[in-house]
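Look over the sequence and the fold before reading on.

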Amino acid sequence: MPSLHDQLRLDMPQLRLTPLLIAANVLIFIAMLFNGASLWHAQNTIQLAWGANFGPATQDGEWWRLGSALFLHFGVLHLLLNMGALWDVGQWVERMYGTLRFAVIYLVAGLAGNLLSLVANAGAAVSGGASGAIFGIYGALLSYLWLERSRIHPGEFRWLFWAAIGFSVATVVFGLLVPGIDNAAHIGGWIAGVLMGALLIRPDPSVEAGPQLGRWVSGLFLLFLVAVMVSQIPKPAYRWSEEKLIRGEVVEFLQEDASIARSWESLMSQGGKLGVSADVMADAIERMVADRYDQSFEELSALPLDENLPSAQTVEHLKHYAEQRRDASRAMVEGLRTRDKVKIRKALDQARQSGKEK
């Protein structure tokens, strides 16, 4: 019996998709490095910006994250391990199923893995990586080997089949021992890969109708599992669009606060040197400081008030700060207009104290 390895290489001498997938993952990782990601462990904020899978974001209309997360990696070690595994199994499975079917298995397994990750992690984990799709490829390899075992040399079958089983089990066990590994994506991808492998195996005219029907049953069972997973996705703790809005407003406020503080400091230092009258100084502080802090306070107060939002406490703190600065600047304006040195001194103390508490 000819070697399966030789048969597959004869049918497809040159791989098409596997090298492209590896290249895409590597290029995206390099692009992330040039945009602030760490070589060894990328921050969640960067992963989120690039499309990581995260319950509040994915479920807030950004379902494309189930797919984009397949091309994101949290460090060079994560990338190398996944790409090594993809090359190891991809060169077999792409030749077994053909490039198009291989692509479908890879994508469906990756999506199913990320979907199960949403369910298992209750949407709280920021996840990414090609491992769910790679596990799906290993699952498809097992399906092919089992269904085609009569045409494979027994020794080669045993070696390939148990090697794939061993890799899958060892990786899941490793994921149980090491925190931060998304085993749900691995398991979901593996199950989807097994079922897709049974469905998409190239039909052989000599195969009876019964086994062919069983392969279509595998596809229907996969649809059933996907429907169950979708129904079990927990409600997100908050809306990501609201959190992004708040984060943007916080950045704008901090920039505005720095500008106001510079204006206030300049007015106080230059006004005394130039002999500006108290009334003119009061008008300038009211216009360039007090009114701007009041506007900032109103803008912060108009933001969503959901206490589950991660930035909710930050907003409350900044609202309190803006209110103090507004009140201190207004007290100074009043003190300047009434020539009340005690009130001016108290206003300055209040402004300094609020700056320390920021």
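Sorted by class, the second largest pocket is lined by 6 nonpolar, 1 polar and 6 charged residues. The model is predicted. The largest pocket reads otherwise on charge: its lining holds 17 nonpolar, 16 polar and 1 charged residue. Details follow by topic.

**Second largest pocket**

- The volume of the second largest pocket is about 230 Å³.
- Its lining counts 13 residues, and L8, D11, Y144, E148 and R151 are the closest to the centre.
- α1 provides the largest share, with 4 residues.

**Largest pocket**

- The largest pocket has a volume of about 910 Å³.
- It is lined by 34 residues, of which H78, G180, I181, D182 and H186 are the closest to its centre.
- At least two lining residues come from each of α6 (76–97), α8 (131–147), α9 and α10.
- α6 gives the most, with 6 residues.

**Packing of α9 and α10**

- Helix α9 spans residues 154–177 and helix α10 spans residues 183–200; they pack at an angle of about 160°, with axes 9 Å apart.
- Angles over 145 degrees count as roughly antiparallel, and α9 and α10 are therefore roughly antiparallel to each other.
- Their crossing is left-handed.
- On the α9 side the contact uses S168, T171, V172, G175 and L176; on the α10 side it uses N183, H186, I187 and W190.
- By class, this contact has 4 nonpolar, 5 polar and no charged residues.
- H186 of α10 takes part in this contact, and H186 is also among the residues closest to the centre of the largest pocket.

**Packing of α7 and α10**

- Helix α7 (residues 99–120) and α10 cross at roughly 145°, and their axes come within 7 Å.
- This crossing is right-handed.
- From α7, the contact residues are R101, V104, I105, V108, A109, A112, G113, N114, L116, S117 and A120.
- From α10, they are A184, A185, I187, G188, G189, A192, G193, M196, G197 and L200.
- The contact of α7 with α10 divides into 13 nonpolar, 7 polar and 1 charged residue.
- I187 of α10 meets α7, and I187 also belongs to the contact of α10 with α9.

**Packing of α2 and α6**

- Helix α2 (residues 17–33) and α6 cross at roughly 170°, with axes that come within 9 Å.
- α2 and α6 are therefore roughly antiparallel to each other.
- α2 contributes L17, T18, P19, L21, I22, N25, V26 and F29 to the contact.
- α6 contributes V76, L79, M83, L86, W87, G90, Q91 and E94.
- The residues of this contact divide into 11 nonpolar, 4 polar and 1 charged.

- Which residue has a positive phi although it is not a glycine? R339 does, with a phi of about 60°.
- Most residues other than glycine have a negative phi.
- R339 sits in the loop between α14 (312–338) and α15 (341–357).

Methods
Residues numbered from 1 in each chain as written. Predicted model: local features only at pLDDT ≥ 70, side-chain atom pairs only at ≥ 80, totals over all residues. Heavy atoms only, no water. Axes fitted to C-alpha atoms, helices over the stretch in contact; angles between N-to-C directions. Parallel < 35°, antiparallel > 145°, perpendicular 65-115°, else oblique. Left-handed = near helix turned anticlockwise from the far one by under 90°. Contact = heavy atoms within 4.5 Å. Nonpolar A, V, L, I, M, F, W, Y, C, P; charged D, E, K, R; others polar. 1 Å grid on protein atoms, 1.4 Å probe; cavity = no way out; pocket = protein on both sides within 12 Å on 5 of 7 lines; lining within 4 Å. Points joined across faces, edges and corners; volume = space filled by probe spheres on them.
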